[in-house]
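Please look over the two-chain model shown below.

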Amino acid sequence: MSAGIAARVLELVRTRSAAAEAEVVVRTGTSALTRFANSFIHQNVAEEIDHVALRVALDGHVAATSLDGAPDDGALARLVAGAFDAAAVSPVDPAWPGLAAPAAVPAVDHWDDATAAASPDDRARGVAAFVAAAGGLVTAGALSTVALHTAFANTAGQAAAGRMTLASLDAIARTATSDGVARSSSVAFADIDTRAAGERAAGKARSAADPTDLEPGRYEVVIEPSCVANMLGFLLSYGFGGRAVEEERSFVRIGEPQLDPSLTIREDVTHPLMAGVAFDAEGTPRQPFDIVRGGVPRAILHDRRTAAKAGTASTGNALLGANPWGVVPASLVLVPGATALDDLVRGMARGILVTDFWYTRVLDPRTLVVTGLTRNGAWLVEEGRVVRPVRNLRFTQSYVDALAPGNVRAIGSDQSLLADEDAGSFLVPSLHLGSWNFTGGARG
Amino acid sequence: MQDLALAAVEAALAAGARYADARAMDSRSEVVAARNGVLDAVHRDERIGVGVRALIGSSWGFAAVPDASPAAARAAGERAAAIARASTLVAGPALELAPVPPVVGRWVSECREDPWSVPLDEKVALLEGVTQVMRDHGATTAEATTRVWETRKWFASSEGARIEQHIRECGAGMSATVVGDGETQRRSYPGIRGQYGTRGWELVREIDLPANAARIADEARQLLTAPQCPSLDATDLILGGEQMALQIHESVGHAVELDRILGWEAAYAGTSWLDLAELGRLKFGSPLMTITADATLPGALGSFGFDDEGTPAHPVDIVREGIWVGVLSGRDTAAIAGVPAGGAVRADGFNRIPMVRMTNVGLLPGEHTLEQMIAATEDGILMDTNRSWSIDDKRLNFQFGCEIGWEIKGGKRGRLLRNPTYTGISPRFWGSMDMLGNRDEWRIWGTPNCGKGQPGQIGHTGHPAAPARFRGMRVGVRG
């Protein structure tokens, strides 16, 4: 169906102008999310998705339109007319890179029929199991299922189609003084063990209960996967984005050993644990590649525009629509190490085990100094043993410095998928870092 | 379209709902952006569909369909009821919605110059022009954007409400970024997010981007060589109006959202340090602090005629002379808390569930001018224009950065300071406010990018604000 709509839009474009360049992305499917708090379902939603995005270039005059609505003939005609009207009054875009040429996309099919068919009752039963497993603690969170078909077509002859499912649980159990979190994402809803997650969240909440203050300062840390995904998200967007490099806002110097030699970071939509489709909003195939190999930056993330300016090829990281970010990682993998999470903790002389970062914001995009707080549990570790839970701490830390050569003590053997159908997917382990700058307690 | 909303409601009722409401919506938006003197993007979108809520027992279901046909609307109503029935598997306590008399009415926002009537090439010329000026004045990266939103929505409820609204919003902003030795500096105008309102294109003309392009580029360059903001455990801090809007949004607006206070956002956006048991007596700030949530302010970005539950817009007292007295609420949260329905529930489009959102949350003005505050400060720092913002999940501990600072010595504004930051604890911070800008300094800022909810929603909020002085603040936190 999606491919048919894309073809229909291109037909309408050609009817208006045989010379027009055009590309179309069509997404159809269902997104549903069951949300609970105070141990009951308080928001429970589902939407049908019919999204058509069109970009046209008329002799270098470029404009984009999109439609969320029934893709009937009238709506598609308005979509095409709107793009032509806007392009007609736009000045020539001197950086228009042209359309993606025909190219095969990697063969991936991150799809599960049962997930696509998951019902509200399925999700409610999953929530009930989480709530029951928390053993009387107050619970809150969300359990979601998404099934999307995406089709791309352009007037240069590139066409691609893909589909994806994704099921995610992100939920907490709460004591009077602490929260414990459990997360799980997978292409298959059946992989989400909500009962086990409830037990895990409750265990973490209980172990984080009655935290006490810790003096701010520099500490070793073991950071769990959501923190690592947060770091890599900033690192890649601000450092390895083609636009940031072009405008000299990036710290990255290709070929120089800027990060710890234990770090290898890849884009790899073909990874069996990954989610998503194998092409981007411009139809460029998402071929796997190393971004950082052994601590050395090897590649910059590009869409067609930034690639053309840099004299290279797109890496398949274009986003839909008018976005100020240029490119973002889509299917990021931090290659895991060989150390179990418990052993990462045992490896700390005096440090802090951190579950989540929260509300992180970049203070300077070039040095990547970021401030944020800990959330959902932090523990003081001494001589490899968890000593006590500590209250949330604020940090102000350069993410580049934290991952600089010599600062990564060990990489976990665990791998967690943190995925979002819009914001990209991260497959990451836990990390033991040598130094983290905590600048205050959350209470002042 | 009103019939579509009604069809969805009737279908939900027929499928077993004891209450239902629906919004049929037809909305469109436009973004025009330029970068370094050249057009960067023209993007227009259109969204048409129906979203319907159904209540069975105390459990909600919501379904949305991107289709404006009666059959699709009815199917969405039935699906919402089915989802509500599934929710009853993990049901909450009994719920009766806070009463709101059903309204049959219409509301149209004020708009003197229709933003869609302004030729696209005029918008492009404006943005290309100001970004070129910023480049000519040394900006490494010069960016400027205009945004326009137009929403028509038809609301129907099973209680008899029938409401039509036509809301037009727009605004613009620009920034100059310069790259120095190992760091970047940025200046924005009118603020980091621009300036937006529920108004027509006259707003864009009033903020006059061209008159400010050269200045902000020059200031960004000057910041590169300015001294660092000192690290001080306690100093007097004066915040400009734009930063005060951010401060209000983050540390007051979100903290008084009743869904957060009740724990409904505990796993995601977070909770609040406020305890309902202390409503009406908790000291939130100094006696200078009086904050209202007022969706009736003409032209403000958080204004509307009726919220997305059909509650008429009305002002709500939030903090009165330093005492916490009110919350932002909807019909279900208000009923649980035992307060009147606050009329503060909105959704980001037909395909999102209505939830508690800020309206226009801001300060009533004080008595001083900014210059009087500076003159009254022996030793302090003036900061303005938000650059970074981070606050904990209880909305208690914050650390905010500004684009620009000035040293204040002996009651005079002195040299520029770069990378100014400050940190604090909300009630202590607001308790230390001893001077507040007067009516001439007071301005309503629009925030077009307030994120909340799962799936994510972007809200439009307004924030009346004025410069203010705070005593004994920690500044200059660095990594």
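What area is buried between chain A and chain B, and what percentage of it do carbon and sulfur atoms give? The buried area, meaning the accessible area (1.4 Å probe) that two parts lose on being put together, summed over both, is about 6,400 Å² between chain A and chain B, and carbon and sulfur atoms give 52% of it.

This is a predicted model, in which local features need pLDDT of at least 70 and side-chain atom pairs count only at pLDDT 80 or more, while totals for chains, interfaces and linings use all residues. Residues are numbered from 1 along each chain as its sequence is written, chains are lettered from A and ligands numbered from 1 in the order in which they are written, and side-chain values use heavy atoms, with hydrogens and water left out.

**The interface**

Counting contact as heavy atoms within 4.5 Å, the interface takes 77 residues from chain A and 80 residues from chain B. Between the two chains there are 8 salt bridges, a salt bridge being a side-chain nitrogen of Lys or Arg within 4 Å of a carboxyl oxygen of Asp or Glu. One of them joins Arg243(A) to Asp40(B), with the closest N and O atoms 3.0 Å apart.

The side of chain A that touches chain B receives the most from strand β2 (residues 40-58) of chain A, which gives 11 residues; strands here are DSSP runs of E with at least two residues, numbered from the N terminus. By class, that side of chain A has 33 nonpolar, 22 polar and 22 charged residues, where Ala, Val, Leu, Ile, Met, Phe, Trp, Tyr, Cys and Pro count as nonpolar, Asp, Glu, Lys and Arg as charged, and the others, Gly among them, as polar.

Strand pairing, for which DSSP must find at least two bridges between two strands, also crosses from chain to chain: β2(A) runs parallel to strand β3 (residues 59-65) of chain B, and 3 bridges join them. In this pairing Val45(A) has Phe62(B) as its bridge partner.

**Strand β6 of chain B**

Strand β6 (residues 162-179) of chain B has 16 of its 18 residues buried, that is, under 20% relative accessible area with a 1.4 Å probe, protein chains only. Its pairings within chain B are set out here.

| Partner of β6(B) | Sense | Bridges |
|---|---|---|
| β4(B), residues 104-108 | parallel | 5 bridges |
| β5(B), residues 141-157 | antiparallel | 16 bridges |
| β7(B), residues 184-189 | antiparallel | 6 bridges |
| β8(B), residues 195-197 | antiparallel | 3 bridges |

β5(B) and β6(B) form a hairpin with 4 residues between them, and Gly160(B) in the turn has a positive phi of about 110°. The hairpin of β6(B) and β7(B) has 4 residues between the strands, with Gly182(B) taking a positive phi near 90°.

**Arg174 of chain A**

Arg174(A) lies in strand β5 (residues 159-174) of chain A. Apart from neighbours within four places in sequence, Arg174(A) is in contact with Leu137(A), Val138(A), Asp179(A), Ala205(A), Ala266(B) and Thr271(B). The side chains of Arg174(A) and Asp179(A) are joined by a polar contact of 2.9 Å, a term that denotes a pair of N or O atoms within 3.5 Å, of which, within protein, one must be able to donate a hydrogen and the other to accept it, residues adjacent in sequence counting only if both atoms are side-chain atoms.

Note on methods:
Buried means under 20% relative accessible area, exposed over 50%, partly exposed in between (1.4 Å probe, protein chains only).
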